[in-house]
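Hello,

Here is the structure I said I would pass on. My notes follow it.

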Amino acid sequence: MTSSAGQSPGQSIGQSTGQWVASLEDLAREALPEAVHRYFRQGSRDGLAAAEATAAWDTFRVLPRILRDVTEVDIAASALGTPVQTPIAVAPTTLQQAARPEGEVAMARAVADSGSLLVVSSNAGSSFTAIAATGVRWWLQAYLTADRSAILPLLERASEAGASAVVLTADTPVVATKYDVGPSVWETVDPSWLRGNHHDGRASVPGSEKATDLGPDDIGWLAAVTGLPVVVKGVLRADDARMCVDAGAAAVWVSNHGGRQLDRTTSTAHVLESIRAAVSAAAQVYVDGGVRHARHGFTALALGADLVFLGRLPLYALAVDGDLGVRRLLAEMDADLVETMRLAGCHDLASVTRDLLAEPAEPREPH
Ligand SMILES: Cc1cc2nc3c(=O)[nH]c(=O)nc-3n(C[C@H](O)[C@H](O)[C@H](O)COP(=O)(O)O)c2cc1C
């Protein structure tokens, strides 16, 4: 997407750009049953990784360039070689039908209209064909199964419906413990909102439990059985990133699962740069975790991310105003990114480089 000075996508749609995005979690709290809101928001165990993610982006400060022509600002990006209008994309999340009855389909419609990219959870309740019918550019997120053949029908269904890459989530050999005060979401939601693309629905078939023996060979296996590029999600170490790329991954996705898997993991903002440096330029590097406005995204781009993914924010926006909410969120994020780039003296994503960031500042108490 290219924006000319004077135009500001997002400002034409009501409340000041930014304020609405900042209030999304509170608005979602009003819109959702308590157990669902808690599930969306919570981290695992003590919630430290979830709580620290946003503050980690805020430790960086910007060294803007002056005397640069920023009349035109172009935020067009590439996702595994495919052009996308923005580097801000939507991460896979479960239970979107608990946010809105149309769930993943409403999410997909909004992402399609925004020219962004959607990653669809393998646990999605809506069918891949209904999601694809929106015209959205989408990738499948997959958990591999103990018996690898148990996942093949799902992979086939996704690839037939037009998924153009597979994201292997590698940080979930088991689902981490979360503490619930009150009924857990699983006691309250409709089981059909999950696993809509599995043959077995919710029933567990032997061998269909999550694999605990994933290895680098699974990357090549996944690429071979799907014929699609593979992205590995859940990378937090430079040596693991290198291992994934050496094993054939087209991209690595720096993530701690929104602080929902191992608690006390490092924040993604603190490891992104070393991971970018560890892998060849041919591999893309993505990041998520705690991104709550596009100034965080700008920092991520400067640290070397090719795409920046949002997890909870689109879920909240979906809960608050369905596909219109997600469209508004993505428009406001793009507008925020364009403004930040213009003020920092950047006219395209290639000009958003590491020298724009001061070393991490000491955390400060807000005044
Ligand atoms: C409610 C919820 C459900 C999620 N479900 C999945 C999932 O099915 N697969 C997956 O790989 N990640 C899942 N994630 C993790 C997100 O893809 C992403 O890594 C994380 O939410 C990013 O952090 P953020 O929410 O702070 O933006 C989920 C996150 C949330 C909040």
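In which helix does Ala 161 lie? Ala 161 belongs to helix α8. Please keep in mind that this is a predicted model.

**Helix α8**

Ala 161 has 18 C-beta neighbours inside 10 Å, so it counts as partly exposed. Beyond its neighbours within four places in sequence, Ala 161 is in contact with Phe 128, Thr 129 and Ala 132. For Ala 161 and Thr 129, the C-alpha to C-alpha distance is 5.4 Å, and 32 residues separate the two in sequence. Just after α8, Gly 162 has a positive phi of about 110°.

The helix spans residues 152–161, and its buried residues are Leu 154, Leu 155 and Ala 158. These cover an arc of only 100° around the axis, which means that they sit on the same side of α8. Glu 156 and Glu 160 are exposed and are carried by the face turned away from the buried side of α8. The cover over the buried residues of α8 includes α7 (128–132), β8 (138–142) and α9 (217–226).

Leu 154, also in helix α8, counts as buried because it has 20 C-beta neighbours inside 10 Å. Not counting residues up to four places away in sequence, Leu 154 touches Ser 122, Asn 197 and His 198. The C-alpha atoms of Leu 154 and His 199 are separated by 7.9 Å, with the two residues 45 apart along the chain.

**Strand β13 and its partners**

Which residues of β13 point one way, and which the other way? In this strand (residues 307–310), Leu 307 and Phe 309 point one way, Val 308 and Leu 310 point the other way, and all are buried. Strand β6 (residues 88–90) runs parallel to β13 and is joined to it by three bridges. Strand β12 (residues 284–288) is likewise parallel to β13, again with three bridges. Phe 309 is the bridge partner of Ala 89 and also of Asp 288.

**The nonpolar core**

The largest nonpolar core has 118 residues, and those that touch the most other members are Val 166, Val 232, Ala 249, Val 252 and Val 254. Helix α13 (residues 312–344) gives the most to this core, with 17 residues. Leaving aside neighbours within four places in sequence, the contacts of Val 254 include Val 235, Leu 236, Thr 268, Val 271 and Ile 275. Val 285, Tyr 286 and Val 287 are also among the contacts of Val 254.

**The ligand shell**

There are 23 residues around the ligand, and Ala 91, Ser 121, Gly 258, Gly 311 and Arg 312 come nearest. By class, the shell is made up of twelve polar, seven nonpolar and four charged residues.

Leu 80 has a phi near 50°, which is positive although the residue is not a glycine. Leu 80 is in the loop between β4 (77–79) and β5 (82–84). With 18 other C-beta atoms within 10 Å, Leu 80 is partly exposed.

His 257 is not a glycine either, and its phi is positive at about 65°. The loop between β11 (251–254) and α11 (268–278) holds His 257. Is His 257 buried or exposed? His 257 is buried, because 23 other C-beta atoms lie within 10 Å.

Regards

Definitions and conventions
Residues are numbered from 1 along each chain as its sequence is written. This is a predicted model: local features need pLDDT of at least 70, side-chain atom pairs count only at pLDDT 80 or more; totals for chains, interfaces and linings use all residues. A residue is buried if 20 or more other C-beta atoms lie within 10 Å of its own, exposed if 12 or fewer, and partly exposed in between; C-beta atoms are placed from the backbone. Helices (H or I, at least four residues) and strands (E, at least two) are DSSP runs, numbered from the N terminus. The arc is that of the directions from the helix axis to the C-beta atoms. Two residues are in contact if their C-beta atoms, placed from the backbone, lie within 7 Å. A residue is near a molecule or strand if its C-beta atom, placed from the backbone, lies within 6 Å of it. Ala, Val, Leu, Ile, Met, Phe, Trp, Tyr, Cys and Pro count as nonpolar, Asp, Glu, Lys and Arg as charged, and the others, Gly among them, as polar. A nonpolar core is a set of buried Ala, Val, Leu, Ile, Met, Phe, Trp, Tyr and Cys residues joined through C-beta atoms within 7 Å. Two strands pair if DSSP finds at least two bridges between them.
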